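Open your viewer, find the selection tool, and get ready to click along. Each stop tells you what to select next and what you will find there.

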Amino acid sequence: MKIKFKFLAMLAIAATLFASCSSSDSDNDPGVGTCYVVNYGGYDGAKSSISVYDKESDILTNDHYETVNTVSIISNVQYAYNYDGNVYMMGNNADQIFWVDSKSWKQTANGLEDDIIKPRYCVADGNYLYVSCWGGDIWNDITLSYIAKIDLDTKKVVKKIALEGGPEGLAVVNGKLYAALNYKKSIAVIDIDTEEISYIETQAVSSYFVKDNKNNLYASQVSSYSTPSTETGLAYINTTTNEYELYKLDGISTSYVNIMSANDNFSKLYVMTSAYDANYNKSGAIAVFDTEAKSFAAKNLVEGVSGINGVGFYDNKVCVFTSPSTTANGKLTAYDTDGNLIKEYETGISPKMLLEIK
Amino acid sequence: MRRVFVYVLLFFVISPAYSNYTDGYYSSNDSTSVYANKKKIVTVFDTILLNEVVSYGKLKKYQSGAKIETIPVLQFDAHRDGSLEQLLSRTLPITLKSTAGTLSTIRLRGTSPDHTSVNFGGINLNSLTLGQSNMSNVPMYLFDEVGVQFGSASTVNGSGSIGGAIHLGLKNNWTNGVKAEARISHGSFGEELYGAKIYLGNGKFESVTRAYYYKKDNDFKFTNTEVRDFENGIFQQEDKQRNANIENKGLIQEFNYKFSDQETLIFNLWLEKDWHLIQQNMQTNLTKPDFKEPYEDKHIRLWTSYKNHKRAIKYEISGGYVYDNGIHNSNTDDTIQTERIIGEASIEHELNKNISYKIGAKASRIYPTVYTYSSDLDYEDRVDFYASYYHKINRKLKATINLRQGLVTDYSVPFTPSLGFKYLLFSKEIHALSINGNIAKSYRVPTFNDRFWGDQGNPDLNPEKGMNYELGFKWNYSDNKTTGHLQLNAFYLNVDNWILWVNDNGWYPKNVQEVESKGLELMTHLNYSLLGLKASSGLNYTYTSTERKKSQTNSGAVGRQMEYVPLHSGNVYSTLTYKNTNLSIDCKYTDEQFTNEEDKNILSSYFLLNFSVGHQFKLNDKNRIKIKGLVNNILDADYQSTYGYAMPGVNYRLSLTYNIN
């Protein structure tokens with residue numbers, strides 16, 4: 001290990017020397033509109049890694065963070081969020097929020113660990129970052145969870161807003177913070193100014209939001225082990241009225257990762273599902289939701305995907321992540337919008353989300 | 001590091017060759033004992049001379065071509081204060097994936113931890129829910145001997161012995177009078193062991209009580225390489241392991257009755273309670289210094305056996321009860337518990353001096369109580385029928401056949417035969433060379449978790465199937481001054497339907513891969529005299545090439561060495577004894593290891609050097625005191641056995657043993 005560290009340290013010195021010879025940070029700037037893949041990594045062994053996609057050369061390169069920073073990530077990144085020149089990463093095991101420059105991916109400051117327990121997801125509003133935190137073993141005690149409010153100047157938690165029910169996905173609309181609750185059949189609505197909490201009752205627990213171009217929300221409605229439900233699918237939340245409407249879909253993914261992604265004009269939502277086939281094998285699929293017709297297409301975009309782990313949309317392609325295990329490289333498979341396979345790329349361990357930095 | 005290892009290895013190999021032999025008698029622990037002082041070689045074809053320990057004799061008799069090793073007494077004694085993990089990793093060419101004393105799993109011949117059974121009497125200790133044993137929780141203080149079968153042993157042990165089997169042995173001493181032992185041991189990082197053994201008997205009836213208490217704070221220092229202080233450019237620092245405490249206690253009570261030399265009744269009860277804080281990886285140790293994750297195991301293991309060998313048809317009737325309970329994070333609501341009732345009966349018939357057979361049946365009823373299992377799962381029955389045939393064809397050749405068919409409730413188990421032979425190539429006055437071979441099928445029934453865990457378990461999983469081929473040579477040497485053996489084994493092992501939990505939008509067990517393991521094992525042991533001192537040395541080396549041949553998942557590691565299986569590993573040990581003082585040194589080399597299917601995060605190779613010295617004071621005819629000091633990892637090697645988990649540097653242990661009678 002010492003040898004390895006010395007080697008990495010030498011690499012770091014060498015990288016610094018070379019960097020100092022260059023005129024700017026542009027060597028590390030992959031350009032506007034670059035897309036990254038967040039690989040969750042193994043929970044016990046190798047941690048998260050970042051892959052970078054070069055659109056020009058059509059090459060996905062793994063270990064981008066490690067290459068830039070000369071050290072590896074020491075946490076499992078649950079979610080990454082691009083805001084105001086930084087990419088904020090919600091790391092659990094070890095729990096921390098750390099951030100890198102969104103162009104260079106260089107980390108220069110230490111991550112935030114105080115008052116952060118099992119961070120899940122985040123969203124920014126003005127100078128504050130709101131982070132959903134489980135707060136501990138949420139499956140044993142749903143009252144542990146909270147929203148951490150982080151001052152982006154001081155990078156410190158300035159407030160912990162207690163919110164029971166295991167908040168996951170977050171969205172900010174009209175001064176309200178919407179929180180998808182994964183252990184309670186409701187969606188929390190927090191007034192950002194007063195911090196008053198109201199709830200929208202749902203027929204299943206939720207895990208993830210996608211905000212459409214009219215600032216309304218789609219929320220996944222899933223059946224979980226602790227809170228089973230037959231009323232699963234996509235919930236549509238009109239954020240003006242907070243009315244709830246369910247578009248049923250069996251087998252919508254219970255995963256905590258990016259299970260939904262919209263195309264650029266938000267006419268289509270690609271939704272990850274999984275179900276047992278006739279041979280008792282579980283296989284994944286991507287269902288397509290037409291946001292105008294408010295209905296799911298009769299035919300899935302792709303089916304029979306083994307180890308499905310996330311979905312993203314980039315460059316007019318539907319990117320499906322697959323991960324066989326927490327010890328093996330995963331895969332990004334790009335499809336066109338008709339479901340035709342375009343190309344496969346090897347990622348790091350357990351790829352789960354696509355992050356486009358425009 | 002490799003060079004150091006080679007030098008040390010050469011020293012140990014060469015030194016006996018220049019030693020001056022003196023008169024001395026050493027008995028091999030192997031059944032192929034050689035009696036040099038009688039100028040006569042008693043080879044593999046002669047009577048099994050072991051004490052009634054764990055019936056290695058029987059194991060060997062009916063598996064003539066299998067490789068079954070017993071750990072030499074001196075080496076066993078040196079590790080009495082530790083766990084099975086320390087004993088195996090220091091004395092045999094076996095790889096274990098370990099943390100610092102809290103969790104250790106075995107990789108015998110490149111197989112997975114649930115491919116090696118750990119046996120106490122007729123009880124397979126492996127967890128029925130997880131399929132494996134924690135080698136750190138098997139205390140050597142309670143046992144007299146440990147035997148290891150390398151390679152498939154399902155025909156003898158049933159499910160789960162694809163890579164091999166470990167047998168924990170208790171000796172029947174048939175004590176006449178009272179004997180007692182008290183032991184106290186203290187070591188680095190708050191390590192303490194207190195043990196006692198009391199033997200009572202009249203030559204026919206015997207009561208043996210063994211008890212121990214072990215604790216360790218495990219607060220060792222190490223270099224934490226997971227530091228990420230970007231503001232000060234610091235990426236490693238000295239750290240201390242926190243919250244990896246261990247507290248284990250156990251008791252074995254034996255009641256044995258000897259009706260005659262041919263008729264015995266034994267009763268063994270083993271109570272064990274093991275508690276530890278699960279060692280956290282370096283990151284968590286650094287970032288969550290107060291984080292504690294306790295795990296507690298409670299076990300009741302009872303095994304009783306009546307043996308009658310008075311007539312031509314010998315028979316044995318045995319029964320057992322096992323209770324296993326695990327509590328994670330002090331959460332007693334989520335019960336993880338199994339109970340087993342076991343019954344076994346067998347008869348053995350010696351048709352003549354050269355031919356014998358054995359047939360038997362073993363039945364068990366298992367009651368799982370696990371919070372995620374369906375309440376419909378009340379119990380599962382398992383019955384195994386087995387038959388063994390031994391034929392000494394001539395003075396040089398003997399062959400064995402074993403057959404086993406298991407039956408499991410609502411589950412199909414494959415038929416597992418094995419065929420073995422041993423042939424004496426030549427036998428001279430002071431040395432003998434034999435060749436042995438074995439072909440064996442093996443299997444593993446998926447664990448209860450694999451089949452019944454929540455809605456993820458899959459009752460339709462296929463059993464894992466193994467095929468094992470073995471060929472070995474063993475050269476035994478003995479003269480008036482030196483005894484020893486050199487053994488070279490080549491093996492080929494194929495495991496199909498290997499079960500892994502894979503991600504399919506949730507975690508599910510699947511028959512995923514086919515794995516092929518092949519390799520060479522060299523084992524030597526030599527008792528000799530060196531400069532007037534009694535010496536005992538050994539060298540073990542293993543080359544294990546284990547590769548995935550097929551995988552149903554998108555694995556980039558097909559055709560590559562498997563994770564946590566070093567291609568090369570070996571150890572060397574030597575003990576010098578002068579009167580009542582002995583001095584031992586041993587070292588171990590482990591090659592680099594992949595830790596996942598990516599080609600990074602590779603564990604560096606490491607070399608560990610250990611030293612011990614002991615002296616026995618004879619107070620009078622009945623009372624003895626033995627003092628032993630041991631220094632581990634003298635070179636203070638910074639190494640990892642499990643990726644991301646710290647291991648201790650140099651550490652010591654001092655023990656005091658008082659024996660009465």
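How many bridges join strand β9 of chain A to β10(A)? Select residues 146-151 of chain A for strand β9, and you will find 6 bridges to β10(A), with the two strands running antiparallel. Before we go on, know that this is a predicted model, in which local features need pLDDT of at least 70 and side-chain atom pairs count only at pLDDT 80 or more, while totals for chains, interfaces and linings use all residues. Residues are numbered from 1 along each chain as its sequence is written, and chains are lettered from A and ligands numbered from 1 in the order in which they are written.

**Stop 1: a sheet of four strands in chain A**

Now widen the selection to the whole open sheet, which has 4 strands in the order β7-β8-β9-β10 of chain A with antiparallel pairing. Its edge strands, which each pair on one side only, are β7 (119-125) and β10 (156-162) of chain A. From one strand to the next, the twist averages 25 degrees. Two strands pair if DSSP finds at least two bridges between them.

**Stop 2**

β5(A) and β6(A) are antiparallel partners over 6 bridges, and G91(A) stands opposite Q96(A) in β6(A).

Now click A94(A), in the loop between β5 (86-92) and β6 (96-101) of chain A. What is the peptide bond from N93(A) to A94(A), cis or trans? This bond is cis, with omega near 0 degrees. Most residues other than glycine have a negative phi, and most peptide bonds are trans.

**Stop 2: a hairpin in chain A**

Select strand β11, residues 167-173 of chain A. β11 is mostly covered, with 5 of its 7 residues buried. V173(A) has K176(A) in β12(A) as its bridge partner. The hairpin of β11(A) and β12(A) has 2 residues between the strands, and N174(A) takes a positive phi near 50 degrees there.

**Stop 3: two positive phi angles**

Click K294(A), which lies in the loop between β21 and β22 (295-296) of chain A. Its phi is near 55 degrees, a positive value in a residue other than glycine. K294(A) is exposed, because 11 other C-beta atoms lie within 10 Å.

Then jump to Y564(B), in the loop between β26 (533-551) and β27 (568-578) of chain B. Phi of Y564(B) is near 55 degrees, again positive in a residue other than glycine. Is Y564(B) buried or exposed? Y564(B) counts as buried because there are 22 C-beta neighbours inside 10 Å.

**Stop 4: across chain B**

Select G147(B), found in strand β6 (residues 145-150) of chain B. With 22 other C-beta atoms within 10 Å, G147(B) is buried. Show P72(B) too: G147(B) and P72(B) are 75 residues apart in sequence and 9.7 Å apart in space, C-alpha to C-alpha.

Finally, zoom out to see chain B, which has 7 helices and 31 strands. Its C-alpha trace spans about 75 × 60 × 50 Å along the principal axes. Buried residues make up 50% of the 661 residues in chain B.

Notes: A residue is buried if 20 or more other C-beta atoms lie within 10 Å of its own, exposed if 12 or fewer, and partly exposed in between; C-beta atoms are placed from the backbone. Axes are lines fitted to C-alpha atoms, for helices over the stretch in contact, and angles run from 0 to 180 degrees between N-to-C directions.
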